[in-house]
Amino acid sequence: MAGRKPEFDKAHALESATKVFWKKGYVGASMADLTKAMGINKPSLYSSFGNKEKLFVLSLGQYLDRYAKDRMQFLTEEGVPLRQRLHSYLLATVKGQAGEGTPRGCYLAFGLSETAGDALPSDAIDALKAADAEAVKQLVDLFRSDKESQAIGLDRRAEECAMYLITLLHGTASVLRSGRELKEVEPSLEFALNGLGLEA
């Protein structure tokens, strides 16, 4: 006898929830918004994903794996100058923030902005801060270990350089979310790299 088919596509439902949180944030996303987008009812959501907090943490993981992880590969491309690697990473990130087929802005940046209030549960805050710390760490590691970075002394200011770029990307996420166009933001990437001493 054939096994019973699942009542819904769990992967598709999680992707739909991710886009709701990405657009509306944890606070703004109601259970009605989530169940409607996911095509399921509340009992199915609870039985498959747990509560809203657990769904948010799962959705954050989905966002990082599907939309953020691939950008990091630009940083370690062999035979490519440091400036070009950083520009490719930054450009891929802002293109993702520009909302081509996804909500505008950055899921992580939006979520982190909500941690300033008291509406996010602790597990959600912990997951957001851990993801942010990992993004910073990857840039710190790059600035510390890269030979070009060492040659111009960026390795000695690795933490500051990493935070400089992360702060830039949180800013681009905000202005692109507000409706600015990608072409208005792209020159900022050049200014940022020049500011690091990596002039074209």
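Helices H5 and H10 run roughly antiparallel to each other, a label that applies to angles over 145 degrees, with under 35 degrees being roughly parallel, 65 to 115 roughly perpendicular and the rest oblique. The axes of H5 (residues 82-97) and H10 (residues 182-195) come within 10 Å and cross at roughly 150°. Here axes are lines fitted to C-alpha atoms, for helices over the stretch in contact, and angles run from 0 to 180 degrees between N-to-C directions. The H5 and H10 crossing is right-handed, that is, the near helix is turned clockwise from the far one by less than a right angle. On the H5 side, the contact (heavy atoms within 4.5 Å) is made by Arg83, Leu86, His87, Leu90, Leu91, Val94 and Lys95. H10 brings in Leu182, Val185, Glu186, Leu189, Glu190, Leu193 and Asn194. Sorted by class, that makes eight nonpolar, two polar and four charged residues; Ala, Val, Leu, Ile, Met, Phe, Trp, Tyr, Cys and Pro count as nonpolar, Asp, Glu, Lys and Arg as charged, and the others, Gly among them, as polar.

A word on the ground rules. This is a predicted model, in which local features need pLDDT of at least 70 and side-chain atom pairs count only at pLDDT 80 or more, while totals for chains, interfaces and linings use all residues. Residues are numbered from 1 along each chain as its sequence is written, and side-chain values use heavy atoms, with hydrogens and water left out. Helices are DSSP runs (H or I, at least four residues), numbered from the N terminus.

The largest nonpolar core has 32 residues, of which Phe21, Leu34, Met38, Leu55, Tyr63 and Leu108 touch the most other members. Such a core is a set of buried Ala, Val, Leu, Ile, Met, Phe, Trp, Tyr and Cys residues joined through side-chain atoms within 4.5 Å, and buried means under 20% relative accessible area (1.4 Å probe, protein chains only). H1, H2 (31-38), H3 (42-49), H4, H6 and H7 each supply at least two of its residues, with H1 giving the largest share, seven. Beyond its neighbours within four places in sequence, Leu34 is in contact with Ala17, Val20, Phe21, Ala29, Leu45, Lys52 and Leu55. Another core, of 31 residues, lies apart from this one and includes Leu86, Leu91, Ala98 and Leu154.

H6 (residues 107-114) is mostly covered, with six of its eight residues buried: Tyr107, Leu108, Ala109, Gly111, Leu112 and Glu114. These buried residues pack against H1 (10-28), H4 (52-68), H7 (122-145) and H9 (158-177).

Technical notes: Buried < 20%, exposed > 50% of the residue type's maximum accessible area, 1.4 Å probe, protein only.
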